[in-house]
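Have a look at the model, then read on.

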Amino acid sequence: MTESSGINYQSAVNDFQRLRRQAAMQQVLARLTGRPFHLLPYDVVEELKVLDMVERGVCEVPLGAIVGSVGRAQDYTRDFLPLKDSDEERWAGIKTAVLDMKGLPPVDLYQVGEVFFVNDGNHRISVAHQLGTDTITA
């Protein structure tokens, strides 16, 4: 690891810890107000018996259109703030890779109408949100 990678990694860890504190505050406010807090689980869509799946190829997707997750809806807030301390190392590693311009593979999403559910790439989407990105390659 280069010196700048080490600095980027420590900065990413600090960012993750700040986001975790933000998520904890949002969770408390959500409990007090009764507002939804977690991502939508894909199970809701599966119950609708959606059977038509079409491969759409690689495209840019607005982050605001990603509203749920296939298997990790309880791990992130609706703004993709991380809720589990155990995700710190992976999250920081992904942010470091982005800052070091190493590139990341596109995320894997399911589209249902105008919204998307994450099949693979929750950490990448969380990092993209934190960086203020409007879209992500999917």
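Let's start inside: Phe16 and Trp91 are both buried. Keep in mind that this is a predicted model. The two rings make a tilted aromatic pair, with 5.8 Å centre to centre and 55 degrees between the planes.

**Aromatic rings**
- The structure has four aromatic pairs in total.
- The Phe16–Trp91 pair links distant parts of the chain, since Phe16 sits in helix α1 (residues 3-33) and Trp91 in helix α3 (residues 88-99), 75 residues apart.
- Tyr76 and Phe80 also pair up: their ring centres are 5.8 Å apart and their planes are at 40 degrees, so this pair is tilted.
- Tyr76 is buried at 0% relative accessibility, and Phe80 is buried with a relative accessible area of 1%.
- Tyr42, Tyr110 and Phe117 come together as one aromatic cluster.

**Salt bridges**
- The count here is six salt bridges.
- One of them joins Lys95 to Asp15, at 2.3 Å from N to O.
- Lys95 is in helix α3 and Asp15 in helix α1, so this bridge ties together parts that are 80 residues apart in sequence.
- Both Lys95 and Asp15 are buried.
- Asp120 and Arg124 meet in a salt bridge at 2.9 Å, N to O; Asp120 is partly exposed at 41% relative accessibility, whereas Arg124 is buried with a relative accessible area of 9%.
- Shared partners join Asp15, Arg18 and Lys95 into one salt-bridge network.
- Asp75 bridges to Arg72, with the closest N and O atoms 2.6 Å apart, and Asp75 counts as buried at 11% relative accessibility.

Terms used. Residues are numbered from 1 along each chain as its sequence is written. This is a predicted model: local features need pLDDT of at least 70, side-chain atom pairs count only at pLDDT 80 or more; totals for chains, interfaces and linings use all residues. Side-chain values use heavy atoms; hydrogens and water are left out. Rings of Phe, Tyr and Trp (its six-membered ring) pair if their centres lie within 6.5 Å; planes under 30 degrees apart count as stacked, over 60 as edge-to-face and the rest as tilted. Helices (H or I, at least four residues) and strands (E, at least two) are DSSP runs, numbered from the N terminus. Buried means under 20% relative accessible area, exposed over 50%, partly exposed in between (1.4 Å probe, protein chains only). A salt bridge is a side-chain nitrogen of Lys or Arg within 4 Å of a carboxyl oxygen of Asp or Glu.
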